[in-house]
Amino acid sequence: MSGRRDTLARAIAEQEERLLNCVHCGFCLPACPTYRRLGDEADSPRGRLYLMQAVVEGRLDAGSDAFQTHIGRCLGCRACEPVCPSGVEYGNLLELARQVGGEARRSPLLARLILRVFGTDWLARPAMLAGRLLRATGFPAFAARALPGEHRPGRQRASHEDGNEPGPVARAAGAARLGLAMLAASAPARELFHKRPASHSAREVRPVPARGNGQTRRERLGPPRGGGQAPTVALLTGCVQAGLFSRVNEATARVLSANGYRVVTVAGQGCCGALHAHAGALEAARVMARRNVRAFEGAEADFVAMNASGCGAAMAEYGSLLAEDRTVGERARDLAGRVLDVSRLLADRGPVAGAPLPLRVTYDAPCHLLHAQGVADSPTRVLESVPGLEVVPLPGAAECCGGAGIYGLTHPRLGGWIGSDKVRSVLDTGADALVTGNPGCVMQIGAGLALAGSRIPVVHLVELVDESYRRAGFYAG
Amino acid sequence: MIPDTLTRSLAEICGPGGVIVDEDRLLVYESDALTAYRHRPGAVVLPRTTAEVQGAVTAIARHGLPIVPRGAGTGLSGGAVALDGAVVVGTARMNRILEIDAANRRAVLQPGVINAELSAAARPHGLYYAPDPSSQTACTIGGNVAENSGGPHCLKYGVTSRYVTGLTVVLPDGSVAKLGGRGREAPGYDLVGLFVGSEGCFGIATEIEVGLLPLPEGVRTLLGIFDRIEDAGRAVSDIVSAGLLPAAMEIIDGPTIRAVEDSVFAAGYPTDAEAALVIEFDGLEAGLDGETARAAEFCRRAGAREVRRARDEAERMALWKGRKKAFGAMGRIAPDLLVQDATVPRTTLPAILKGISEIGKRYDLVVANVFHAGDGNLHPNILFDRRDEDELERVERASKEIMQLCVDSGGTITGEHGVGLDKKHHMPLIYGAAELDAMWGVRRVFDPSGVMNPGKVLPEETAPGWPGHGEGRGAAEGEGAGVAEPAVAAMAPP
Amino acid sequence: MSTATAPAAVAQLLPGNRVLTGAAASEWSGGRAVEAVLFPTDTDEVRALVREANETGTDLLPAGNGSWLDAGGWTGVRGGVVVSTARLDTLFHYEPADLTLTAGAGLGWRKLAAVLEPNGQWLPWDAPGAAAGTLGGAVACGGSGPLSARYGAIRDNVLGLEVVTGDGRLLRIGGRVVKNVAGYDLVRLFTGSRGSLGVITRVSVRLFPRPEADMTMVFEGGVERGLEVARAVRTTSLPVAAAEMDIRGGGASGRETRVVVRVLGSREEAEEVCSRLAAEIGAAPAGTMRGGESDVFHRRRSVWEERSPVVVRLAALPDQVAVTMRWAREVARRTRGEIAADVLGGVVRVKGSPADDGTAELAAVLMRARRDVEAVGGTMTLSRAPQAVAATAGWAGGGGGALVQRIKSLFDPGSVLLSRCP
């Protein structure tokens, strides 16, 4: 116990200012999806920070049920950070707490397995390939619907409102069901774009000069490194993104080019390590971060474009993750400073308008874009730039969808509860499609919608822009 | 620890997940937003309905254990701290708005509804809920009822008790009483008014009926920047004497300005100023500009270095955010703070502010003031680090002097935070034995066996025979064993 | 008549020139048979009287100017002695810049207004009868008038009280600052307790700046038209300070109803509210009063109920006005009465006088009225009524539960204070 305590104590001693900053005001409580649903303060950010402090003070064992359960139940959505008047860096503290918790007690097999796969190239690539092949058979969509499940919108909450997860068998079945549905949901939304062919000439709209206005200071970009030339952008291709969403990566490259960016490819990059960091596997995360720092250095890009906000948030924090590393620490900070979500890069250029997309869509803000990176207006501005697109507001858009990395697999009931609330909210808007900016959210909400019997597709923001540009003929030669 | 039989009955009433008895999990319920007081409850129960509260209260009372109601735990007086292993009855799961009756401008809700969310729900009807404590994004209406909460806009609109028109309450004996309701007219004693502000000592409100107001058509927000805080205080007095009735008038002093500007809620106050005075007018568009201009003139005449008007809604919101999150932002200056809540006659403001600043200097302490100047409701925040024992001692003495200064000027010890655990020993500063005895009497009317929130509001020594004291209850745990026991002494970490 | 000596024992505590007995006492009390009327001049005297009453078992009836002693319905069976606080009329503290005032309970409304007016301030209390009585009387009766929609009820504006409880304890509760949550809110408990818990001897109140403009629009028409206008006023989001609907006579002349709308604020704002409201209503007012004219008009209205043998108050949520109004009209028809309805507050008042042979019928109507109004969650109170009517119809609904009884015995264990409350 004392060793563990020392780890956290040391880790937190370095962060002492951050933890002591918490004045216990409670402003974070209503922002927390788990507290809102369970009503237990131990499931609130303030409560979790208090448990961390108790471990530091030696009043609580990091292996205790209380610490394990409540730190484990955190989605890591970081919705508590923007509302904290004291500026407590909750996300960082959570990763430390998870590390300490993980040292005190082994995390579940499934979680360890997933981290291992994503952290190992020779496991990840075949896994993704298998996923694609399986997805192509159409079996996952079918099987997910066929498997019995607990969560459908409108069902009674009695079984899960206490936050207790089911037994191992039910949990395995739930994980399988959700996993299959998520895989199915990663498929392209072909029907959305092909059901309603555009009725107008595709050649009317041409690229227009870039412009930037209306953004918040935080979201406005500085001039490119190379002075007046087109800024160079490197793209993180990612693991899941490369494996299951290569179309999104391709679309990202196309729409950035159409907006005047010079897109370069970067070899030798890999998984960003976000899943590992969030789970407290900080050493594994650092290994992956170092690799990416080295890979991206060579590209000398002005910006590193991110189309997975979970990865964006993680890379933007490489500086603090590798702060202790004398060899790459400085370079990691430099890389982190150039990481930008694709929506920001596009919004800074206007973006260029394409052909009309006569669709009604609604937008769900990924937590790691909105809360962790503070990007609020850019995605909206990008959507508004697409002619003919009707954007209806999504009530609760700022709340986590329950995806939260592998949360849906580790906490099927609570994650399912949060997810089904999101699904209900989406269904109530009557939108043709849900737009978001993170593969995890695409799969989580997509799975939820499919399991609820809905055919509403979930698409990435750049897919819409890309389709609009395609119809406008931007890529036709 | 509570007896297993009680755990079982509570689990039957509120569901197994609605009862928390694991000592480790109970740690997080040790404190409210005043972390000076830490006491682990015997258990926490989270009911959903009036019937569940009734069942829980009956079961706990049958075991002779004390009961502490708790909302979001954002209180600043230790009111929701469970002394002597009391069982906390939390309202977090009672968060449904039961009815918004736009035609009659009223709403009926459960106590766990968050203040700001009530206003958000009323907004589509063109209505809002007027009392706006600075913690309104997190605090619950049930907590507001218990504390009779105020807020910046209470200058014009009045505090919580003006808006609560009816209550369903579970009394300590487990019976349910309906007080008032369906509008403001109720013959007989104003039991609703008596219950509001009773700090959880009379029972638990499980359904609350409140009045709503139409949203004002226009708002103007002014910011006066002063080099001396007394000048800001004078501007406030002058504005009021001139017959202007702003919706709010708030002063933020130099140290607070610097803390806020350093936080994510930076409002654009100049960091070298010694006071920022925020003045807001609301109402019909017509006439607002004239009133704002007059108030601006009073600021200039009182010596404002600069007077600005929020140009748009975004600027206005930022300006208010800075004010409302000021308390939390103090966490950036020092690890600990002691917030006071005295209210003084408005005309004494300049003298009191000067006095507080002198006391701070004398004890070599940073005192950050942020307060509802229009109401004369001061919030001197004494900043310190509890690890420094000498400083702790000085905080204690300065705190007492400030309190005395305010009372001597005709003020009171608490304007909106409540007495709770923190200020009960200051009650004799403003009330004599007869008044305290009368309050004990009323408390007994609601709670003859002394199970509701014992150890709060009234100092035990003023009613020696009170059953609520129990064996070692309250006073024995280190907090305020005697009248002179300073509030700050308890701040040392356990 | 053993009880006759007890009041005498109480009365003899004061010099003869501050005691009324016999016919003079009855006359002062509006015809009510009381043993004596006493006029203490300080709090100590009040305490002495209350203690003596406890010793001798004398019933005390706390009063201000005594303007409502004829209303009937007091508890207690013995004759009783009136303790009037009318001579406790010292102005202790008035700081205009603080907008607060502390005075003896007997400070009369006119004297108060004379003090406040030069400073451009006022106490916007328009509860029935307030303008004819004393500060303490208004607090003891609690209540609210049409202006409470804008300024809150009386209980929202009392900051502190000094009271002598029924068992002779002196309590100073609340304070003189506008925000105070120290301890339980006994001020609210005593406000509106109608003297049943103690004699209020000193009052601290919150004042308001007198608005620059005071305007009153009067709309006239038939009953149906009046209800339409009232609905428009009730649902507007414009800042209307107060609104009442009056119905005179039972006929259908087409002009028997008027809606009186009061607007307060800066000149610019008030003019704007009036013109926009008229547009929302879709008609120009029959007349508009401004400034002093408007003020005097409303001051006169606040004594609207005085001297009517029957005054009934029907209260329900504003959108239940159909129910309260229907019964108010039934009562008015049987009493040749008039109706004044607070449009924003949902209180409908009727005043009138029943025909000599109509009391039984009136009582029957009132019983049905009570049943219907209470069915929609409302209340019916007889402010003033002949004993025979009230005996059947009841003064107020409910009866106060155990809490009320326990509070009463906490402060008045000897039950010496006569009151209609609880």
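Select A:Thr34: at 1% relative accessibility it counts as buried (under 20% relative accessible area is buried, over 50% exposed, partly exposed in between, with a 1.4 Å probe and protein chains only). This is a predicted model, where local features need pLDDT of at least 70, side-chain atom pairs count only at pLDDT 80 or more, and totals for chains, interfaces and linings use all residues. Residues are numbered from 1 along each chain as its sequence is written, chains are lettered from A and ligands numbered from 1 in written order, and side-chain values use heavy atoms, without hydrogens and water.

Stay on A:Thr34. It sits in helix H3 (residues 33-38) of chain A; helices are DSSP runs of H or I with at least four residues, strands are E runs with at least two, numbered from the N terminus. Now show A:Arg48. Its side chain makes a polar contact of 3.0 Å with that of A:Thr34 (a pair of N or O atoms within 3.5 Å; within protein, one must be able to donate a hydrogen and the other to accept it, and residues adjacent in sequence count only if both atoms are side-chain atoms).

Next, the sheet in chain A. Four strands, in the order E6-E5-E7-E8, form an open sheet with parallel pairing (strands pair if DSSP finds at least two bridges between them). Strands E6 (390-392) and E8 (458-460) are the edges, each pairing on one side only. Select E5 (residues 360-363): three bridges join it to E6.

Finish in chain C. C:Val34 lies in the loop between helix H2 (22-28) and strand E2 (36-38). It counts as buried, at 9% relative accessibility.
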